[in-house]
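Could you take me on a short walk through this structure, telling me what to select at each stop? I have it open in my viewer.

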Amino acid sequence: MSLLVKGGTVVGPTGTRVADVLVEGEKIVAVLDPALTSTIIATPAITVDEVIDASGKYVIPGGIDAHTHMELPFGGTAASDTFDTGTRAAAYGGTTTIIDFAVQRTGEVVQDGLAAWHAKAEGECHVDYAFHMILGGVDADALKAMDQLVADEGITSFKLFMAYPGVFYSDDGQILRAMQTARENGAMIMMHAENGIAIDVLVQQAIAKGQTDPIYHGITRPAALEAEATNRAIALAEVAQDCPLYIVHLSASQALEKVAEARHEGRNVFAETCPQYLYLTLEDQLGAPGFEGAKWVCSTPLRSKHESHQRDLWKGLRNNELAIVSTDHCPFCMKDQKELGLGDFSKIPNGIGGVEHRVDLVYQGVVDGKLSLERWVETIATTPARMFGLYPQKGIVQPGSDADLVIYDPNGTTRIGVATHHMNMDHSAYEGVEIKGRVGTVVSRGEVIVADGNYHGRKGRGKFLKRGLSSYLM
Ligand code: DUC
Ligand code: ZN
Ligand code: ZN
Ligand code: ZN
């Protein structure tokens, strides 16, 4: 099966040009100057089965969402998207690879946690998938397991939590040991950087005062405690011989300052932000009637519009202080899930679903003049591939790479809402948001899986990707 994507504007991290993309089987075999295509495809060795006209549209590498939580157990329930529903929604939104977080629960053998995650995902995914590993208990066995996962399992990044005491939490000693191990075996440490011990005090004080509404979730997780944890993680990584460190879901200007400072010193420190922090604010939550604000309960929390967070995050994306936009897709329905926190915000499962909307929401930044086209592609596809050992198989439109392509229509419109999304959620955090652009055709490993809003993929076609080490390791 071969496919010719004709006349589109191919966007990559280093520039854009009008080109034809020739796909053979699962791979891109040529990116051609249109003037040459007719001669080349006229050679008897090449037959083209299908032609897609991409003129007037962008042709970009399939999106890579480096941070999702399908079926994550949290607060007595589990994230509402399965690998089936979540990867199908991802495909609709132009994301053709996800990196989900396998979980070692405290007290569990790391490899057992990984096996359980493989069992959830295998045969279910519509697009390709890989795993990071959450370490819920760093001890001697877990440190050995890190070596084994890097060497044999294609899992080269480990997430630790400075938040959630008693659940996923690691203390500074555990963090330092995991970082030392990562420094030796080449893995990346990913950090949920919030001071969970201090947050728990603020949460208990709020509840004791009867402050139980969803808005107090954000108020009890101040930016200062994100910045403090970010700073501490950076210091611990320095002590661990500059272990590579990736701060997840960065939301506060004060935390970004710490990352920027480390990067200016040439340190091996990276960070991502998420669409919710670029578009939503604490005031959206404040203005919501009754318990509605629970929709936007996530950690790190949404920040106030009266501070400069959103402006600073966009600037950070422009100047590479922020490397990547991931979603932290962690959906919960209002009914029976978010509602667990009625009368006590601390029992609202934390998370926002957005795996379907990231490519569009970051593109809106291009429309608004906040990002270049190239930086759009870099932050949603190329850098995630490089950061997490998937490059050049993924994240770039070039010969030899997987034929994961999105044909993006800058003249289309996307209106986000629960009535039209494909995620398994009974609400949308972005209800009514309009994007001046639209995902047209989505190709995954040479197969058209979405065309003009119609789905042609199937569950089980997505493959598990063993990842190599980060291209950014020094
Ligand atoms: N933050 C969330 O919002 N959800 C899941 C875990 C996390 O760290
Ligand atoms: Zn987290
Ligand atoms: Zn800077
Ligand atoms: Zn997360």
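**Stop one: a pair of helices**

In this predicted model, start by selecting helix α4 (residues 140-153) and helix α5 (residues 172-185), which pack at an angle of about 30 degrees with their axes 10 Å apart. An angle under 35 degrees counts as roughly parallel, so α4 is roughly parallel to α5. Turn the view and you will find that the crossing of α4 past α5 is right-handed. Now show side chains: from α4, L143, M146, D147 and V150 meet R177, A178, T181, A182 and N185 of α5. By class, this contact has five nonpolar, two polar and two charged residues.

**Stop two: around ligand 1**

Next, select ligand 1 and the residues around it: H69, F74, H192, C298, S299, D328, C330, N350 and G351. This shell divides into three nonpolar, five polar and one charged.

Stay with two members of that shell. S299 is joined to T300 by a cis peptide bond, with omega near 0 degrees, and T300 sits in the loop between α11 (282-287) and α12 (309-318). D328 is not a glycine, yet has a positive phi of about 55 degrees. Look for D328 in the loop between β15 (324-325) and α13 (358-367).

Now go to D452, in the loop between β20 (447-451) and β21 (454-455). D452 also has a positive phi, of about 50 degrees.

Finish at Y391 and P392, joined by a cis peptide bond with omega about 0 degrees. P392 is in the loop between α14 (373-387) and β16 (405-409).

Definitions and conventions: Residues numbered from 1 in each chain as written. Chains lettered and ligands numbered in written order. Predicted model: local features only at pLDDT ≥ 70, side-chain atom pairs only at ≥ 80, totals over all residues. Axes fitted to C-alpha atoms, helices over the stretch in contact; angles between N-to-C directions. Helix = DSSP H or I, 4+ residues; strand = E, 2+ residues; numbered from the N terminus. Parallel < 35°, antiparallel > 145°, perpendicular 65-115°, else oblique. Left-handed = near helix turned anticlockwise from the far one by under 90°. Contact = placed C-beta atoms within 7 Å. Nonpolar A, V, L, I, M, F, W, Y, C, P; charged D, E, K, R; others polar. Near = placed C-beta within 6 Å.
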